[in-house]
Every structure is written in structure tokens, then in C-alpha cells.
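Visitor: Please pick one part of this model and look at it closely. Then show me what surrounds it.

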Amino acid sequence: MTSADVGLRELKKQETRQLISDKATLLFIEKGFEETTIAEIATAARVAKKTVTNYFARKEDLALDQHAEFTNGLADAVRDRKTGESALAALRRTFLDALAEHSHVIGFTGPAFATMVLESPTLTARLRELHELREAALAGLLANETGADADDVTPVMAAAELNAIDRVLFREVMRRSHAGESDDEIAEAVTKAAQRAFELLEPAFGDYAIRG
């Protein structure tokens, strides 16, 4: 098999995965997450039930299909921080940029999707798990970047506080979207909240994990 064949096969797999996710999301929005079956998703995507489960081990991942990007988001932002920039400053800059872009990563998903998530106990529970994984990834990155000892709780505490901002503001974006506010209205309101939240952590973490 040539590299071109491999590339074409991978592209086909990505397209199939996206198609299944898209069809599933439409059904979840229409019928509700808990009420939609894997069989109905397979029928809508014109694939076998086994194909759906091969691509998505968990039903929740059909709706929250970009969980890897989300889980690694905070750690990636800190890893890519600029020279002289602290972890806090990098996350502030990244979050405000995402607000300006109305990024889905911080909750800009539209009212229909927000309603689907917030009205589903399963999806809200999964979202909490993803935030915990996001925090753990950040803690690990901070420990590595600062050379912290194994018993040093500073990276864990820093990650918990920094992730709290992200988690609270993500929820606020989703809440406002669910309430029918426009993306511009949400961005304006949440920008003020974000600036205040980051200001509150400045005394504690303003000089933590500064890139030399």
C-alpha cells in the first residue's frame, strides 16, 4: 500500500467519523440525548451500528467529539506561552482571544447545542469529567515546566485555580447561549467577567511559571 493509499484511507475514516458525529448531533438536538439510540444514529448515517461504536466508544463522545482538543487546551496554551509570559498571562490572553473569535472551545456552540448539553444529565456529567481531565493535563504540564518535586502541591493548586476560571466562564457562555443571547452579547458580558476573574488570581499566580 502506497503512502497515497494510506492518506486516502485516513481521510475516508475522518470523513466517516465526522458524518456519524454530525448526524448524531442533529438527532440529539431534535430528540434529546438520552432518547436517541445508537441504532437511529447508524440509520441516519447509513452505517452499521458496529461502525458507530467502533468510531465512538462512548455515546457522549458523539456529541462532544472534540474532547481531545478541549482536554489539552489549557496545557497547550501554557506550553506555547511567550518569553517572559506567566502561565496566568498566557491563559488570559488565550481565553480573551477565544472570546473574540467566538470559539466553540470555550462554549460558543449555539443555543440548540447548548440546550442539548445543559438538559442532558449524561452530557453535563461528561463535561465535568472533561474539565477534570483538562485540569489534570494542565497540572502535569506545570509540574514539568517548573521542575516541581513530586510532593509539591503548587502545580496542582495552580491548575485547579486556573481551570476554575475556564470552567466557570465556559458554563456562563453556555448558559447565555441557552438563554438566546447573541455571540456578540455573550462575548461582551463574559469578557468583563474574565478580566475580573484573572485579576483576582494575579496576586497569587502573576509571577508563577514565567517562561525565561
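Guide: Start with helix 11, residues 183-205. Its buried residues are Ile186, Ala187, Val190, Ala194, Ala197, Phe198, Leu201 and Phe205. Buried means under 20% relative accessible area; exposed is over 50%, and partly exposed lies in between (1.4 Å probe, protein chains only). Helices here are DSSP runs (H or I, at least four residues), strands are E runs of at least two, and both are numbered from the N terminus. This is a predicted model: local features need pLDDT of at least 70, side-chain atom pairs count only at pLDDT 80 or more, and totals for chains, interfaces and linings use all residues. Residues are numbered from 1 along each chain as its sequence is written, and side-chain values use heavy atoms, with hydrogens and water left out.

What do the buried residues of helix 11 pack against? Helix 7 and helix 10 are the partners. Contact means heavy atoms within 4.5 Å. Take helix 7 in detail. On that side, Leu88, Leu91, Arg92, Phe95, Leu96 and Leu99 make the contact. They meet Ala187, Val190, Thr191, Ala194, Gln195, Phe198, Leu201, Glu202 and Phe205 of helix 11. The axes of helix 7 and helix 11 come within 10 Å and cross at roughly 180°. Axes are lines fitted to C-alpha atoms, for helices over the stretch in contact, and angles run from 0 to 180 degrees between N-to-C directions. Helix 7 and helix 11 are therefore roughly antiparallel. The cut-offs are under 35 degrees for roughly parallel, over 145 for roughly antiparallel, 65 to 115 for roughly perpendicular, and oblique for the rest.

Now follow helix 10, the other partner of helix 11. Helix 10 also meets helix 8: their axes come within 8 Å and cross at roughly 115°. Helix 8 and helix 10 are therefore roughly perpendicular to each other. Helix 8 brings Pro111, Ala114, Thr115, Val117 and Leu118 to this contact. Helix 10 brings Arg171, Met174, Arg175, Ser177 and His178.

Asn163 also sits in helix 10. With 0% relative accessibility, Asn163 counts as buried. Neighbours within four places in sequence aside, Asn163 touches Leu74, His131, Arg134 and Glu135.

Helix 9 covers residues 121-146, 26 residues in total. From first C-alpha to last, helix 9 reaches 38 Å, close to the 38 Å expected at 1.5 Å a residue. That expected span is 1.5 Å times one less than the number of residues. Gly147 follows helix 9, with a positive phi near 65°.

Step back to the whole chain. It has eleven helices and zero strands. Its C-alpha trace spans about 55 × 50 × 30 Å along the principal axes. Buried residues make up 39% of the 212 residues. Among contacts with a separation of 6 or more, 73% join residues 24 or more positions apart.

Last, the record. In the model, residues 14-74 are 72% helix and 0% strand, with end C-alpha atoms 25 Å apart. Residues 37-56 are 75% helix and 0% strand, with end C-alpha atoms 13 Å apart.
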